[in-house]
Amino acid sequence: MTVDAFKEMMVYNEPDFEYNGQGYSICCPNGKYYVTASDSPGDIDLEFDSLDDLLDRWVIQGRPLRAILPEVVFGENEDG
(Lines give C-alpha, C1' and ligand atoms only; values in the text may rest on other atoms or scores of the structure.)
Protein backbone atom coordinates (compact mmCIF):
# COMPACT_ATOMS: atom_id res chain seq x y z
CA MET A 1 0.00 0.00 0.00
CA THR A 2 1.22 3.49 -0.76
CA VAL A 3 1.37 6.26 1.84
CA ASP A 4 -1.34 8.19 -0.03
CA ALA A 5 -3.66 5.16 -0.11
CA PHE A 6 -3.01 4.56 3.59
CA LYS A 7 -3.87 8.17 4.47
CA GLU A 8 -7.05 7.98 2.38
CA MET A 9 -8.06 4.71 4.07
CA MET A 10 -7.48 6.21 7.52
CA VAL A 11 -10.10 8.90 6.90
CA TYR A 12 -12.83 6.24 7.11
CA ASN A 13 -11.26 3.26 8.91
CA GLU A 14 -9.52 2.12 12.06
CA PRO A 15 -7.71 -0.82 10.48
CA ASP A 16 -6.31 -4.07 11.77
CA PHE A 17 -3.43 -5.51 9.83
CA GLU A 18 -0.89 -8.29 9.79
CA TYR A 19 2.84 -8.11 9.24
CA ASN A 20 5.21 -11.10 9.46
CA GLY A 21 2.62 -13.17 11.31
CA GLN A 22 1.84 -10.58 14.00
CA GLY A 23 -1.34 -8.55 14.43
CA TYR A 24 -1.59 -4.77 14.77
CA SER A 25 -4.36 -2.19 14.94
CA ILE A 26 -4.82 1.57 14.79
CA CYS A 27 -7.62 3.66 16.29
CA CYS A 28 -8.23 7.39 16.16
CA PRO A 29 -10.43 8.79 18.91
CA ASN A 30 -10.50 12.58 19.22
CA GLY A 31 -7.95 13.20 16.47
CA LYS A 32 -5.11 11.25 18.11
CA TYR A 33 -3.79 7.90 16.84
CA TYR A 34 -3.33 4.93 19.17
CA VAL A 35 -2.01 1.48 18.34
CA THR A 36 -1.84 -2.09 19.57
CA ALA A 37 0.68 -4.74 18.64
CA SER A 38 0.51 -8.45 19.42
CA ASP A 39 4.31 -8.61 19.70
CA SER A 40 4.76 -5.36 21.66
CA PRO A 41 2.15 -4.85 24.42
CA GLY A 42 3.84 -1.59 25.48
CA ASP A 43 2.77 0.04 22.20
CA ILE A 44 -0.69 0.56 23.72
CA ASP A 45 0.85 3.51 25.59
CA LEU A 46 1.93 5.24 22.37
CA GLU A 47 0.08 8.30 21.07
CA PHE A 48 0.60 9.97 17.69
CA ASP A 49 -0.57 13.46 16.73
CA SER A 50 -0.83 12.94 12.96
CA LEU A 51 -0.65 10.24 10.32
CA ASP A 52 2.87 11.32 9.39
CA ASP A 53 3.85 11.08 13.05
CA LEU A 54 2.35 7.57 13.17
CA LEU A 55 4.08 6.52 9.95
CA ASP A 56 7.48 7.79 11.07
CA ARG A 57 7.52 6.99 14.81
CA TRP A 58 5.61 3.70 15.18
CA VAL A 59 8.36 1.12 14.97
CA ILE A 60 7.16 -2.36 14.02
CA GLN A 61 9.66 -5.20 14.18
CA GLY A 62 12.51 -2.70 14.08
CA ARG A 63 11.22 -0.61 11.16
CA PRO A 64 8.95 2.45 10.97
CA LEU A 65 5.43 1.83 9.67
CA ARG A 66 6.20 4.01 6.62
CA ALA A 67 9.01 1.60 5.61
CA ILE A 68 6.91 -1.57 5.92
CA LEU A 69 3.65 -0.17 4.52
CA PRO A 70 4.09 -1.78 1.07
CA GLU A 71 4.35 -5.20 2.77
CA VAL A 72 1.42 -4.83 5.20
CA VAL A 73 -1.70 -7.00 4.81
CA PHE A 74 -4.84 -5.07 5.81
CA GLY A 75 -7.98 -6.93 6.87
CA GLU A 76 -10.23 -5.44 4.22
CA ASN A 77 -7.83 -6.62 1.48
CA GLU A 78 -8.00 -10.29 2.46
CA ASP A 79 -10.14 -12.70 0.45
CA GLY A 80 -12.47 -14.60 2.76
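Reader: Is D53 buried or exposed, judged by its relative accessible area?
Author: In this predicted model, D53 has a relative accessible area of 18%. The cut-off for burial is under 20%. Because 18% falls under that cut-off, D53 counts as buried.

Reader: Leaving aside neighbours within four places in sequence, with which residues is D53 in contact?
Author: D53 is part of helix α2, and its relative accessible area is 18%. Once its neighbours within four places in sequence are set aside, the residues in contact with D53 are E47, F48 and W58.

Reader: What pattern does the chain follow when read along the sequence?
Author: The secondary structure of the chain consists of three helices and seven strands. Read in sequence order, these elements give the pattern α-β-β-β-β-α-β-β-α-β.

Reader: Which residues of helix α1 are buried, and why are they on the same side of α1?
Author: Helix α1 spans residues 3–12, and its buried residues are F6, M9 and M10. They cover an arc of only 100 degrees around the axis, which places them on the same side of α1. An α-helix has 3.6 residues a turn, so residues three or four places apart point the same way. The buried residues of α1 are therefore grouped within an arc of only 100 degrees, and they are F6, M9 and M10.

Reader: Which exposed residues does the face of α1 turned away from its buried side carry?
Author: The buried side of α1 holds F6, M9 and M10. The face turned away from that side carries the exposed residues D4, E8, V11 and Y12.

Reader: What covers the buried residues of α1?
Author: The cover of these buried residues includes both strands and helices. Among the helices are α2 (51–57) and α3 (65–68). Among the strands are β2 (22–27), β3 (33–37) and β7 (73–74).

Reader: Leaving aside neighbours within four places in sequence, with which residues is T36 in contact?
Author: T36 belongs to strand β3, and at a relative accessible area of 33% T36 is partly exposed. With the neighbours within four places in sequence left aside, T36 is in contact with G23, Y24, S25, I44 and W58.

Reader: What separates the C-alpha atoms of T36 and I68?
Author: T36 lies in strand β3. Along the chain, T36 and I68 are 32 residues apart. The separation of their C-alpha atoms is 16 Å.

Reader: Where is N30, a residue with phi near 55 degrees?
Author: Phi of N30 is a positive value in a residue other than glycine. N30 counts as exposed, because its relative accessibility is 81% and the cut-off is over 50%. Its place is in the loop between β2 and β3.

Reader: What is the value of phi for N20?
Author: N20 lies in the loop between β1 (16–19) and β2 and, at 56% relative accessibility, counts as exposed. Its phi is positive although N20 is a residue other than glycine. The value is near 50 degrees.

Reader: What radius of gyration does the chain have?
Author: The C-alpha atoms fill a box of roughly 30 × 25 × 20 Å along the principal axes. For 80 residues, a compact globule would have a radius of gyration near 12 Å. The chain agrees with this, at 12 Å.

Reader: How far apart are the mean positions of the positive and negative charges of the chain?
Author: The chain has 5 positive and 17 negative charges. The distance between their mean positions is 9 Å.

Key: Residues are numbered from 1 along each chain as its sequence is written. This is a predicted model: local features need pLDDT of at least 70, side-chain atom pairs count only at pLDDT 80 or more; totals for chains, interfaces and linings use all residues. Side-chain values use heavy atoms; hydrogens and water are left out. Buried means under 20% relative accessible area, exposed over 50%, partly exposed in between (1.4 Å probe, protein chains only). Helices (H or I, at least four residues) and strands (E, at least two) are DSSP runs, numbered from the N terminus. The arc is that of the directions from the helix axis to the C-beta atoms. Contact means heavy atoms within 4.5 Å. The radius of gyration is taken over C-alpha atoms; the globule rule is 2.2 Å times the number of residues to the power 0.38. Lys and Arg count as positive and Asp and Glu as negative; His and the chain ends are not counted. The place of a charge is taken as NZ of Lys, CZ of Arg, CG of Asp or CD of Glu.
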